[in-house]
Amino acid sequence: MDPIFLQQVVNGLTLGSVYGLIAIGYTMVYGIIGMINVAHGDVYMISAYLAAISLALLSFFGLHSFPLLILGTLVFTIVVTSVYGFVIERIAYKPLRNSTRLAPLISAIGISLILQNYTQISQGARQQGIPTLLEGAWRIDIGDSFIQITYTKIFILLAAFAGMAILTYIIKFTTLGRMCRATQQDRKMASILGINTDRVISYVFIIGAAMAALAGVLITMNYGTFDFYAGFIIGIKAFTAAVLGGIGSLPGAMLGGLVLGVAESQFSGMINSDYKDVFSFGLLVVILIFRPQGLLGRPLVTKV
C-alpha cells in the first residue's frame, strides 16, 4: 500500500480524534437543549492559552518531567475551561431558555466575540507557541519507503480515545449519564420525575468544555502554535464532524471527527493542502443537503 496514503491516515486519525473531542461538546448541548453552542470553538481557543500558561508556570517552578508536566497541564486546563463552560451556560443560555430560539443564538455569538476580544487584549494579537514536549518518533519501514509516527501523535491518540472512553462510560453507566439521557429524550417528563434538568444542562456544558480543554492541550502539543482566532476554524470543522456523524449522537461525533480528519488529511496529501479548509466546509454543505441527519443520526419525526 502507498506509504503516503498510510502516513496521511495516521495524520488524519490524530487530527480526527481531536475533532471528535470538540464535536462532543456541540452534539451534547444540541442533544439536551436543541441548540448549537456557537461559543464552543472559542472555549477550545481559551483552553489552548490556558495550556500554554500552565506549561510556562510549571516549567518556571522547575517541573520538567513530561508525565508530571502534562498531567498538571491537563488538570489545570480542564478545571478552568470547565468553569468557562459553566459561566457561558449561566450567562448566555439559562436566562433565555424560555425565550425564542434565536435569542440564545445571538447571545452565544456575543459571548464568542467577547472571548475573542478579551483574549486578544489580554494575550496580544500575535501568534503564540510552545516548544515540543515529547521528542522522537516511531518509524515503520514499508519496502523502500517508511511511515513515521511521532511520539506526540501516539500520545494524542491514546489521550483522545481515553477521554472518549471515560465519557462513554459516564453517559452509559452512571447516574449522571442516565439523567443526561432522560433529559435529552424528554426534558419536561424528566423534570416531573424529579431530575433537576437545569443542573443537568449545566453539567452538559461543563463536560463539553472539559472535552474541548483536552482537545486544546492535545492540538497545542501537536502544532505548537495558536492565536485568539483559532477557535473559529476548528470550531466549524468540529461542528462539521458533529453533523457528519449525526448531531445529537455521541458515537456519531466521535465517528464524524475521525472520518473528517482522515478525509481532510488525504485531501491535503493527495491534492492540495492550501484548500483543505475549503474542502471541510464544502463537505459540511454536501452533508446538510444530502444527509442532514448524518451517518448515525436519525431523521426528525414530527409528532402529531
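Q: Which element gives the largest share of the lining of the largest cavity?

A: Start with the general idea. Rolling a probe the size of a water molecule over the atoms shows where empty space is left. In this predicted model, helix α8 gives the largest share of that lining, three residues. Two or more residues also come from each of α1, α2 and α3 (66-93), as they do from α8 (197-223).

Q: What is the volume of the largest cavity, and which residues line it?

A: The volume is about 50 Å³. The lining is made of Gly25, Val29, Asn37, His40, Val43, Gly85, Ile88, Phe205, Gly208 and Ala209. By type, five of these lining residues are nonpolar, five are polar and none is charged.

Q: How many cavities of 30 Å³ or more does the search find?

A: Two, in a search of the whole structure. The lining of the second largest cavity has five nonpolar residues, two polar and no charged.

Q: Now the rings. How many aromatic pairs are there?

A: First the idea. A pair of aromatic rings is described by the distance of the centres and the angle of the planes. The count here comes to nine aromatic pairs. One of them joins Tyr26 and Phe239, with 5.8 Å centre to centre and 65° between the planes. That makes the pair edge-to-face, because an angle over 60 degrees counts as such.

Q: Where in the chain do Tyr26 and Phe239 sit?

A: In distant parts. Tyr26 is in helix α1 (residues 3-33) and Phe239 is in helix α9, 213 residues apart. Tyr26 has a relative accessible area of 4%, so Tyr26 is buried.

Q: What are the distance and angle for Tyr49 and Phe226?

A: The centres are 4.8 Å apart and the planes stand at 80°, again an edge-to-face pair. This pair also links distant parts of the chain: Tyr49 lies in helix α2 (residues 40-60), Phe226 in strand β4 (residues 225-226), 177 residues apart.

Q: Are Tyr49 and Phe226 buried or exposed?

A: Compare each value with the cut-off: under 20% is buried. Tyr49 has 5% relative accessibility, so Tyr49 is buried. Phe226 has 4%, so Phe226 is buried too.

Q: Which residues form one aromatic cluster?

A: Phe228, Tyr229 and Phe232.

Q: Let me try single residues. Is Thr240 buried or exposed?

A: Thr240 is at 0% relative accessibility, so Thr240 counts as buried. Thr240 belongs to helix α9 (residues 230-245). Beyond its neighbours within four places in sequence, Thr240 contacts Leu260, Ser280, Leu284 and Ile287.

Q: And Gly177, buried or exposed?

A: Read the area again. For Gly177 the relative accessible area is 0%, so Gly177 is buried. Gly177 is part of helix α6 (residues 175-185). Val200 is 23 residues from Gly177 along the chain, and their C-alpha atoms are 9.4 Å apart.

Methods: Residues are numbered from 1 along each chain as its sequence is written. This is a predicted model: local features need pLDDT of at least 70, side-chain atom pairs count only at pLDDT 80 or more; totals for chains, interfaces and linings use all residues. Side-chain values use heavy atoms; hydrogens and water are left out. Helices (H or I, at least four residues) and strands (E, at least two) are DSSP runs, numbered from the N terminus. Buried means under 20% relative accessible area, exposed over 50%, partly exposed in between (1.4 Å probe, protein chains only). Contact means heavy atoms within 4.5 Å. Rings of Phe, Tyr and Trp (its six-membered ring) pair if their centres lie within 6.5 Å; planes under 30 degrees apart count as stacked, over 60 as edge-to-face and the rest as tilted. On a 1 Å grid over the protein atoms alone, a cavity is a set of points where a 1.4 Å probe fits but cannot get out, and a pocket is an open set with protein on both sides within 12 Å along at least five of seven lines; lining residues have an atom within 4 Å of a point. Grid points are joined across faces, edges and corners, and a volume is the space filled by probe spheres set on the points. Ala, Val, Leu, Ile, Met, Phe, Trp, Tyr, Cys and Pro count as nonpolar, Asp, Glu, Lys and Arg as charged, and the others, Gly among them, as polar.
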